[in-house]
Amino acid sequence: MTTMESLIGLVNRIQRACTVLGDYGGGTGGNAFNSLWEALPTVAVVGGQSSGKSSVLESIVGRDFLPRGSGIVTRRPLVLQLHKTEDGTEEYAEFLHLPKRQFTDFALVRKEIQDETDRITGKSKQISPVPIHLSIFSPNVVNLTLVDLPGLTKVAVEGQPETIVEDIEIMVRTYVDKPNCIILAISPANQDIATSDAIKLAKEVDPTGERTFGVLTKLDLMDKGTNALQVLEGRSYRLQHPWVGIVNRSQADINKNVDMMLARRKEREYFDTSPDYGHLASKMGSEYLAKLLSKHLESVIRSRIPSILSLINKSIEELERELDRMGRPVAVDAGAQLYTILEMCRAFDKIFKEHLDGGRPGGDRIYGVFDNQLPAALKKLPFDRHLSLQSVKRIVSEADGYQPHLIAPEQGYRRLIEGALGYFRGPAEASVDAVHFVLKELVRKSIAETEELRRFPSLQVELAAAANSSLEKFREESKKSVIRLVDMESAYLTADFFRKLPQEMERPVISNKNQAASPSPATPDQYGEGHFRRIAANVSAYVSMVSDTLRNTIPKACVYCQVRQAKLALLNYFYSQISKREGKQLGQLLDEDPALMGRRLECAQRLELYKKARDEIDAVAWVR
């Protein structure tokens, strides 16, 4: 294999592999990956309808194989890869979409192109950017790859969408705009070159003409007494590469199925004997054009190898990082699956604890419950209403019953205190609920931040359910604890608090000078408002003392019953249950998001393609 065969053949193989992966150039790959196709040098065949574009391709191949007809015949790009074989070997064709079938009858090749076009576009006259790959193996061709694009048109005909003119131009431009694209601009000689659709487009995207090869067809159909020397000799429109004239088969020859090899000989005879073009005969004709393009394509490929390798190496690094981020495929063994699940649970648990301990944000919100919400709730309790003068009088009187208190209304004190302490239940339970809400939110955040879990939505759901179930149990236990704290304050009052209060001395009543002083019996109106205000003040002071105590003990109970337990045993029940599951159930938990599985498969396939392409380029790039 020569260097040229190696390089062009290598590009052919890479292009076919790219197409299978959905990367077929033209800016239509539809994914976020770098396009390797667009980095590969390509020859795009551009021309208006009826410019003789199909005839040029058939002349280069030496076979009649393209669909013909009026209007838009080429409705999908045709990637035509030519492979030169040894003399005497049989010619055959292969389609990428039919890899195990060889076509030796080129009439069937034409039919398959039409059928495959209709498979994507239907029987309508729509166009599609998805290419058809056709490889032709023949001793009568040179190693060359051409992309036949739909013919440029100016008017939509019946059955075509109104946007067909713009649609075709956009598709063609997405190919020829690329700096690695070689433009084969085909124009008929029997029309003014200034009106050529192909030349007009080529001039816009390649104003210097460095990437454009001009081809003039239908030289034999020009008016008598005229010729195309002004164009062919570069005087009318100069390009960096020489113009090539082509003489295609006439319509009569096509109708008679004149052999393409015979048509080639007639073409050579035409130029050899032409008084106008005889001096250019050695650089005219389809055979010369094919050799010229093949040599130039090989040269461009060689010059682009460093940039192609750079793109491939960069893409390999990006793909490997992406695969690492997404994680490798899950094992099918139950033991390995269980291990994978437990490892992800540990990763989640680590992140959850980091949130609580301050390594990540969020845990400080629990302190906010104790430092802000609980004190604020305690201050809002309706003690002023409960200890109003009217309320104190009523409660003390009801506690005395039919017999008023003699000295201090102890039963009244107890009822006032017990009633006041009951209000602490609300803030205590609210603190538990607030901590529970923060812990649930931290579970959600920790699951979202666990990279390993992102692949497995089913495991995320089950893990969240298990963690929240545990948190619910911790909440119930915490509520019981804080309510106990409140109830304990009600169950046993601190007597020393009241003993230390200033005692109200009863005023003695004196009957006469000789009688000893003795207290008078208590009467219902013995105590005025000042007495009840002192009772309210004493109760308020005691309740304030209890409030300070609960402000310190409620957080301790919440942390002990909820936060501490969450750190120690958040997933204990989940661990006990997961170990009992069978392989099928474990597999269901590791059922990945289909989109992620597809993305990983695509990355893996592209990575394999790029590594293989890099190795093959390294093997042939510097062959001398």
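Of the 624 residues of the chain, 48% are buried, a class defined by a relative accessible area under 20%, with exposed meaning over 50% and partly exposed lying in between (1.4 Å probe, protein chains only). The model is a predicted one, in which local features need pLDDT of at least 70 and side-chain atom pairs count only at pLDDT 80 or more, while totals for chains, interfaces and linings use all residues. Residues are numbered from 1 along each chain as its sequence is written, and side-chain values use heavy atoms, with hydrogens and water left out.

The chain exposes about 31,700 Å², of which carbon and sulfur atoms supply 52%; accessible areas come from the Shrake-Rupley method with a 1.4 Å probe, and for residues only the protein chains shown count as cover. The secondary structure comprises 21 helices and nine strands, taken as DSSP runs (helices H or I, at least four residues; strands E, at least two) and numbered from the N terminus. Among contacts between residues at least 6 apart in sequence, 81% join residues at least 24 apart, where contact means heavy atoms within 4.5 Å.

Two helix pairs are described here. The axes of helix 9 (residues 286-326) and helix 21 (residues 594-620) come within 9 Å and cross at roughly 150°. Axes are lines fitted to C-alpha atoms, for helices over the stretch in contact, and angles run from 0 to 180 degrees between N-to-C directions. Helices 9 and 21 are therefore roughly antiparallel to each other (angles under 35 degrees count as roughly parallel, over 145 as roughly antiparallel, 65 to 115 as roughly perpendicular and the rest as oblique). The contact of helix 9 with helix 21 contains 15 nonpolar, two polar and eight charged residues; Ala, Val, Leu, Ile, Met, Phe, Trp, Tyr, Cys and Pro count as nonpolar, Asp, Glu, Lys and Arg as charged, and the others, Gly among them, as polar.

In the second pair, the axes of helix 11 (residues 364-379) and helix 15 (residues 425-449) come within 10 Å, crossing at roughly 155°. Helix 11 is thus roughly antiparallel to helix 15. Residues of helix 11 in this contact include R365, V369 and F370, and those of helix 15 include P427, F437 and E441. By class, the contact has twelve nonpolar, two polar and two charged residues. Helix 15 also contains A430, which counts as partly exposed because its relative accessibility is 42%. A430 and V369 are 61 residues apart in sequence and 9.4 Å apart in space, C-alpha to C-alpha.
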